[in-house]
Amino acid sequence: MKPVVLVTGAARGIGRAIVDAFLPDQEVAFVWNTTPPEGMGELAIQADLAAEQACADVIAQVMAEFGRLDVIVNNAGVVASSPRDGFDWEDQRALLDVNVLVPSALLSAALPHLKRGASVVISLL
């Protein structure tokens, strides 16, 4: 049975490369929000992970599809404006939501499904 990997922010760039690296040997579910993926198999989930229920919904979809979860790669991220350009509260809240709160919410939703001592969680910032 192949391990199941969940990758967030996976439609392009580093996230896409992570999915491609895992695909030969693992089942891969990946989350995208604003850029639809092209030519990627597996389970593609569109979600705004900063929405309160989204992380729990994503984990539920992975469990419904594969029945297990072994690896989470938190790759989704937001880059906010620089403070030297002026402080924008909305940009900074989006940054905190996606870069800090989402990995915690995703892990919280996934913990009941991760096997102790046999699961991996990676967070890229």
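Colleague: Start with Lys-115. Is Lys-115 buried or exposed?
Modeller: This is a predicted model. A residue counts as exposed when its relative accessible area is over 50%. Lys-115 has 52% relative accessibility, so Lys-115 is exposed.

Colleague: Where is Lys-115 found?
Modeller: Look between α3 and β5, where β5 covers 120–123. Lys-115 is in the loop that joins them.

Colleague: How far apart in space are Lys-115 and Phe-22?
Modeller: In sequence, 93 residues separate Lys-115 and Phe-22. In space, C-alpha to C-alpha, the distance is 19 Å.

Colleague: Now the whole chain. In what order do the elements of the protein run?
Modeller: There are three helices and five strands. Reading from the N terminus, the order is β-α-β-β-α-β-α-β.

Colleague: How does the radius of gyration compare with the globule rule?
Modeller: For 125 residues, the globule rule gives 14 Å. The protein is close to that, so it is as compact as a globular protein of that length. Along the principal axes, the C-alpha atoms fill a box of roughly 50 × 30 × 20 Å. The radius of gyration itself is 15 Å.

Colleague: What share of the contacts joins residues at least 24 apart?
Modeller: Count contacts between residues at least 6 apart in sequence. Of these, the share joining residues at least 24 apart is 53%.

Colleague: How far apart are the mean positions of the positive and negative charges?
Modeller: The protein has 8 positive and 15 negative charges. Their mean positions are apart by 8 Å.

Colleague: Next, helix α1. Which residues of α1 are buried, and how are they arranged?
Modeller: Helix α1 spans residues 13–22, and its buried residues are Gly-15, Ile-18 and Val-19. Seen down the axis, they fall within an arc of 100°, so they line one face of the helix. An α-helix has 3.6 residues a turn, so residues three or four places apart point the same way. The buried set is therefore a single face, within an arc of 100°.

Colleague: What is on the other side of α1, and what covers its buried residues?
Modeller: On the other side, Gly-13, Ile-14 and Ala-21 are exposed. The cover over the buried residues includes β1 (4–8), β2 (27–32) and β4 (71–74).

Colleague: Is Ala-11 buried or exposed?
Modeller: Ala-11 is in the loop between β1 and α1. Its contacts beyond four places in sequence are Arg-16, Trp-32, Thr-35, Pro-36, Pro-37 and Met-40. Thr-34 is 23 residues from Ala-11 in sequence, and 8.8 Å away in space, C-alpha to C-alpha. At 13% relative accessibility, Ala-11 counts as buried.

Colleague: What is the relative accessible area of Phe-30?
Modeller: Phe-30 is in strand β2. Phe-30 and Gln-53 are 23 residues apart in sequence and 17 Å apart in space, C-alpha to C-alpha. Phe-30 is buried, and its relative accessible area is 0%.

Colleague: Last one. Which residues does Gln-92 touch, leaving out those up to four places away in sequence?
Modeller: Gln-92 is in helix α3, residues 89–110. Buried means under 20% relative accessible area. Gln-92 has 18% relative accessibility, so Gln-92 counts as buried. Its partners are Ala-80, Ser-81 and Phe-87.

Terms used
Residues are numbered from 1 along each chain as its sequence is written. This is a predicted model: local features need pLDDT of at least 70, side-chain atom pairs count only at pLDDT 80 or more; totals for chains, interfaces and linings use all residues. Side-chain values use heavy atoms; hydrogens and water are left out. Helices (H or I, at least four residues) and strands (E, at least two) are DSSP runs, numbered from the N terminus. The radius of gyration is taken over C-alpha atoms; the globule rule is 2.2 Å times the number of residues to the power 0.38. Contact means heavy atoms within 4.5 Å. Lys and Arg count as positive and Asp and Glu as negative; His and the chain ends are not counted. The place of a charge is taken as NZ of Lys, CZ of Arg, CG of Asp or CD of Glu. Buried means under 20% relative accessible area, exposed over 50%, partly exposed in between (1.4 Å probe, protein chains only). The arc is that of the directions from the helix axis to the C-beta atoms.
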